Amino acid sequence: MSESEILKLFGDRVRELRGKQGFSQEAFAAHCGLDRTYIGGIERGERNVALKNIEVIAKSLGISIAQLFKGL
């Protein structure tokens with residue numbers, strides 16, 4: 001799998017889980033303590049996310065890092 005493919009899959013997964021919880025992108029970013037444009041970049045597969053931010057995203061979704069990566 002190429003780097004761009006895994007980034008896109010991860011972004012799609014974040015978007016899917018965020019949407020299931022009813023967060024807008026802006027509200028989710030605020031909930032995470034991250035910038036909205038950063039979350040947008042993740043969801044578009046443009047960002048290679050640091051491990052610490054993966055943990056922040058997972059915790060903000062109320063799931064484990066393993067659950068965040070499930071199916072990728």
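This is a short tour of the structure above, one selection at a time.

The model is predicted, so local features need pLDDT of at least 70 and side-chain atom pairs count only at pLDDT 80 or more, while totals for chains, interfaces and linings use all residues. Residues are numbered from 1 along each chain as its sequence is written, and side-chain values use heavy atoms, with hydrogens and water left out.

**Stop 1: helix H4**

Select residues 51-61, which form H4. Helices here are DSSP runs (H or I, at least four residues), numbered from the N terminus. Which residues of H4 are buried? They are Asn53, Ile54, Ile57, Ala58, Ser60 and Leu61. Buried means under 20% relative accessible area, exposed over 50%, and partly exposed in between (1.4 Å probe, protein chains only). Look down the axis of H4: its buried residues fall within an arc of 165 degrees, so they line one face of the helix. That arc is taken from the directions from the helix axis to the C-beta atoms. On the other side of H4, Leu51, Lys52 and Lys59 are exposed. The cover over the buried residues of H4 includes H1, H2, H3 and helix H5 (65-68). After H4 comes Gly62, with a positive phi near 75 degrees.

**Stop 2: H2 against H4**

Axes are lines fitted to C-alpha atoms, for helices over the stretch in contact, and angles run from 0 to 180 degrees between N-to-C directions. H2 and H4 are therefore roughly perpendicular to each other (65 to 115 degrees). Now show side chains. Phe28, His31 and Cys32 in H2 meet Val56, Ile57, Ser60 and Leu61 in H4. Contact means heavy atoms within 4.5 Å.

**Stop 3: the core**

Select Phe10, Val14, Phe28, Ile42, Ile57 and Leu68. These have the most contacts inside the largest nonpolar core, which has 17 residues. Such a core is a set of buried Ala, Val, Leu, Ile, Met, Phe, Trp, Tyr and Cys residues joined through side-chain atoms within 4.5 Å. The largest share, 4 residues, comes from H4.

**Stop 4: helix H1**

Move to residues 3-20, helix H1, and pick Arg13. Is Arg13 buried or exposed? Arg13 is buried, with a relative accessible area of 15%. Leaving aside neighbours within four places in sequence, Arg13 is in contact with Gln67, Leu68, Lys70 and Leu72. Glu16 is also in H1. Glu16 is partly exposed, at 35% relative accessible area. Finish with the C-alpha atoms of Glu16 and Glu43, which are separated by 9.3 Å.

How values were computed:
Helix = DSSP H or I, 4+ residues; strand = E, 2+ residues; numbered from the N terminus. Parallel < 35°, antiparallel > 145°, perpendicular 65-115°, else oblique.
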